[in-house]
Each structure stands twice: as C-alpha cells, then as structure tokens.
Amino acid sequence: MELTTTIIAALVMAVGIAGLIVPALPGLLLVLGGVLIWALGNSGPTAWTVFGIACVLAAIGYVVQYVVPGRHLGRAGIPKRGSLVGVIFGVIGFFVIPV
C-alpha cells in the first residue's frame with residue numbers, strides 16, 4: 001500500500017510541477033497535496049515533519065508571490081492605490097460577471 005500511495009503522490013506532485021509552468025493548474029497547491037497524500041500513506045513522524053516543512057515552504061511561496069511584484073511596481077513608480085483598485089475590480093469582476 002505504501003508503494004501505491006507513493007506513486008500516486010509522485011504523480012500528483014509531477015502534475016503540480018507542471019502547473020508551476022502552465023498557469024492553468026494550481027501548481028503549488030497540487031505539490032502540497034501530493035506531499036499530504038504521501039504523509040497520509042506513510043503516517044510516521046518523519047512523514048508529518050516533511051509535510052509541515054512543505055506547508056511552511058508553501059506559505060513562504062504564496063507570500064513571495066505577491067510581495068515581490070508589489071515591490072517591483074513600487075520601484076517603478078506605480079502608486080499602491082492603482083494596485084488596490086485593480087484588485088478590487090478584479091474581485092468584483094470575478095463574482096459579478098458570469099463566465
């Protein structure tokens with residue numbers, strides 16, 4: 001059973017890594033899900049430690065994903081108000097305009 005779980009986890013992680021390149025897939029979330037599947041299959045303290053480290057790294061990745069572009073926009077002279085207006089209209093458009 002461990003081998004099957006490990007293979008499934010590896011496939012999910014491979015799709016997640018492809019998702020880091022192809023923007024249509026949630027890459028980081030899939031990789032984290034693959035690590036979770038692996039940890040559930042092995043269910044030892046080492047597996048849960050690896051999953052905890054993966055969660056911390058994923059959280060750092062999500063924070064960096066938004067902080068770095070914002071910092072570059074600020075250096076380019078784009079006011080934060082413009083970014084805030086873009087986020088607000090993006091959220092409104094996502095929920096108001098049906099696809």
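This is a predicted model: local features need pLDDT of at least 70, side-chain atom pairs count only at pLDDT 80 or more; totals for chains, interfaces and linings use all residues.
Trainee: Okay, how many helices and strands does the chain have?
Mentor: The chain has four helices and zero strands, where helices (H or I, at least four residues) and strands (E, at least two) are DSSP runs numbered from the N terminus. Read along the sequence, that gives the pattern α-α-α-α.

Trainee: And is the chain a compact globule or more spread out?
Mentor: The chain is more spread out than a compact globule, because its radius of gyration is 18 Å, well over the 13 Å that the globule rule gives for 99 residues. That radius is taken over C-alpha atoms, and the rule is 2.2 Å times the number of residues to the power 0.38. Along the principal axes, the C-alpha atoms fill a box of roughly 55 × 35 × 20 Å.

Trainee: How much of the chain is buried?
Mentor: Buried residues make up 14% of the 99 residues, where buried means under 20% relative accessible area, exposed means over 50%, and partly exposed is in between (1.4 Å probe, protein chains only).

Trainee: Which residues make up the largest nonpolar core?
Mentor: That core has seven residues, namely Leu32, Val35, Ala39, Ala47, Phe51, Ala54 and Ala58. A nonpolar core here is a set of buried Ala, Val, Leu, Ile, Met, Phe, Trp, Tyr and Cys residues joined through side-chain atoms within 4.5 Å. The elements giving two or more residues to the core are helix 2 (27-42) and helix 3 (45-75), and helix 3 supplies the largest share, four residues.

Trainee: What does Ala39 touch in there?
Mentor: Leaving aside neighbours within four places in sequence, Ala39 is in contact (heavy atoms within 4.5 Å) with Ala47, Trp48 and Phe51. Ala39 sits in helix 2 and is buried, with a relative accessible area of 0%. Its C-alpha atom is also separated by 9.1 Å from that of Thr6, although Ala39 and Thr6 are 33 residues apart along the chain.

Trainee: And which contacts does Ala54 make?
Mentor: With neighbours within four places in sequence again left out, Ala54 is in contact with Leu32 and Val35.

Trainee: Switching to helix 1, is Thr5 buried or exposed?
Mentor: Thr5, which lies in helix 1 (residues 2-21), is buried, with a relative accessible area of 13%. Not counting residues up to four places away in sequence, Thr5 touches Ile37, Trp38 and Gly41.

Trainee: What about Ser43, where does that one lie?
Mentor: Ser43 lies in the loop between helix 2 and helix 3, and it is exposed, with a relative accessible area of 51%. Its phi is near 45 degrees, a positive value in a residue other than glycine.

Trainee: Now the surface: which residues form the nonpolar patch?
Mentor: The patch is formed by Leu84, Val85, Val87, Ile88, Phe89, Val91, Ile92, Phe94, Phe95, Val96 and Ile97, with about 1200 Å² of accessible area together. Phe95, for one, lies in helix 4 (residues 80-96) and is exposed, with a relative accessible area of 64%.

Trainee: How far is Arg81 from Gly16?
Mentor: Arg81 and Gly16 are 33 Å apart in space, C-alpha to C-alpha, and 65 residues apart in sequence. Arg81 is found in helix 4 and is exposed, with a relative accessible area of 63%.

Methods
Residues are numbered from 1 along each chain as its sequence is written. Side-chain values use heavy atoms; hydrogens and water are left out. Patches are made of residues with over 30% relative accessible area and no salt bridge: like charges are joined within 9 Å, nonpolar side chains (Val, Leu, Ile, Met, Phe, Trp, Tyr) within 5 Å. Accessible areas come from the Shrake-Rupley method with a 1.4 Å probe; for residues, only the protein chains shown count as cover. A salt bridge is a side-chain nitrogen of Lys or Arg within 4 Å of a carboxyl oxygen of Asp or Glu.
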